[in-house]
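User: Let's go through this model label by label. For each one, I want the value, the cut-off and the conclusion.

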Amino acid sequence: MKGYSPKGWFYSSYLAKLNYQNVQEKWKNYCFKIRGTRRSSCLDRPHHRHIFWSWCGSFIGIAATAYLSVKTNSPLLMAPFGATSVLIFGIPDSPLAQPRNVIGGNLVAALVSLIILHLFGSEPWAMGIAVATAIGMMQLTATLHPPSGAVALVVMMTKASWQFLLTPALEGSIILVLCAVVFNNLAHERTYPKYWF
């Protein structure tokens, strides 16, 4: 019985070692990805003119929407529109800031979350499903707009009625996009939108 080792033992110890190396390599790769590979160019401070135009545009967009909301006595404004303003006035060249994404993303998220709200209620797991499904549907329809994830939460948290789809989701989005179209094109270096559909 010299040097007898069962085949199973050899393979299991070899596989354990191989698996350990694989896990170790994946862990190193994961840690490397967390560190980041380079400094993001979008975090650079923009020129003071760009900051001025972003400030003025977001002021006019939100103030106009709030004013129309008061005058028409209809809720045209919601918190996610603050984040929409960051995109359409702060980085108007972004694909996520184009009219198709702003209006379409808010409509898709509102519709999806209203359906989930009326089917399942506003339980915590339903909120998760609403946001996740809204993201998936926006990706499928090429209308991804990050603030729309918050639209889904607003619907779920306020237990909104079907009227939410029209006011504020559609009407408020259109007002903000129109303000962005008018205002952004006043600046020589800005063009908005890059595309409509």
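Analyst: Start with V112, which lies in helix α4. Helices here are DSSP runs of H or I with at least four residues, strands are runs of E with at least two, and numbering starts at the N terminus. The model is predicted: local features need pLDDT of at least 70, side-chain atom pairs count only at pLDDT 80 or more, and totals for chains, interfaces and linings use all residues. Residues are numbered from 1 along each chain as its sequence is written, and side-chain values use heavy atoms, with hydrogens and water left out.

User: Why is V112 called buried?

Analyst: Buried means under 20% relative accessible area, exposed means over 50%, and partly exposed lies in between (1.4 Å probe, protein chains only). V112 has 12%, so it is buried.

User: What does V112 touch beyond its sequence neighbours?

Analyst: Contact means heavy atoms within 4.5 Å. Not counting residues up to four places away in sequence, V112 touches A130, T133, A134 and M137. V112 and T133 sit 21 residues apart in sequence, yet their C-alpha atoms are 7.0 Å apart.

User: What makes the group with F120 a nonpolar patch?

Analyst: Patch members have over 30% relative accessible area and no salt bridge; nonpolar side chains (Val, Leu, Ile, Met, Phe, Trp, Tyr) are joined within 5 Å, like charges within 9 Å. L111, I115, L119, F120, W125, I129 and W162 form this patch on the surface, with about 700 Å² of accessible area together. Areas come from the Shrake-Rupley method with a 1.4 Å probe; for residues, only the protein chains shown count as cover. α4 (99-120) and α5 (124-140) each supply at least two patch residues. The largest share, four residues, is from α4.

User: How do you know that the length of α6 fits a helix?

Analyst: The expected span is 1.5 Å times one less than the number of residues. The twelve residues of α6 should span 16 Å, and the end C-alpha atoms are 17 Å apart, so the two agree. α4 has 22 residues and reaches 31 Å, close to the expected 32 Å.

User: Which residues of α6 are buried, and what covers them?

Analyst: P147, S148, G149, V151, A152, V155 and M156 are the buried ones. Their cover includes α3, α4 and α5.

User: What makes a nonpolar core here?

Analyst: A core is a set of buried Ala, Val, Leu, Ile, Met, Phe, Trp, Tyr and Cys residues joined through side-chain atoms within 4.5 Å. The largest has 37 residues, and I88, F164 and Y192 touch the most other members. α2 (48-72), α3 (80-90), α4, α5, α6 (147-158) and α7 (166-184) each supply at least two residues of this core. Beyond four places in sequence, F164 touches M78, A110, V151, V154, V155 and A169.

User: Why is the D93 and K194 pair called a salt bridge?

Analyst: The rule asks for a side-chain nitrogen of Lys or Arg within 4 Å of a carboxyl oxygen of Asp or Glu. D93 and K194 meet at 3.4 Å, N to O, so the pair qualifies by that rule. It links distant parts of the chain, 101 residues apart: D93 in the loop between α3 and α4, K194 in the segment after α7. The count by this rule is one.

User: What makes K159 and A142 stand out in the backbone?

Analyst: Most residues other than glycine have a negative phi, and most peptide bonds are trans. K159 has a positive phi of about 50°, and A142 one of about 55°. K159 sits in the loop between α6 and α7, A142 in the loop between α5 and α6. At 56% relative accessible area, K159 is exposed; at 45%, A142 is partly exposed.

User: Which peptide bonds are cis?

Analyst: Among them are T167 to P168, with omega near 15°, and Y192 to P193, with omega near 0°. P168 lies in helix α7, and P193 in the segment after α7.
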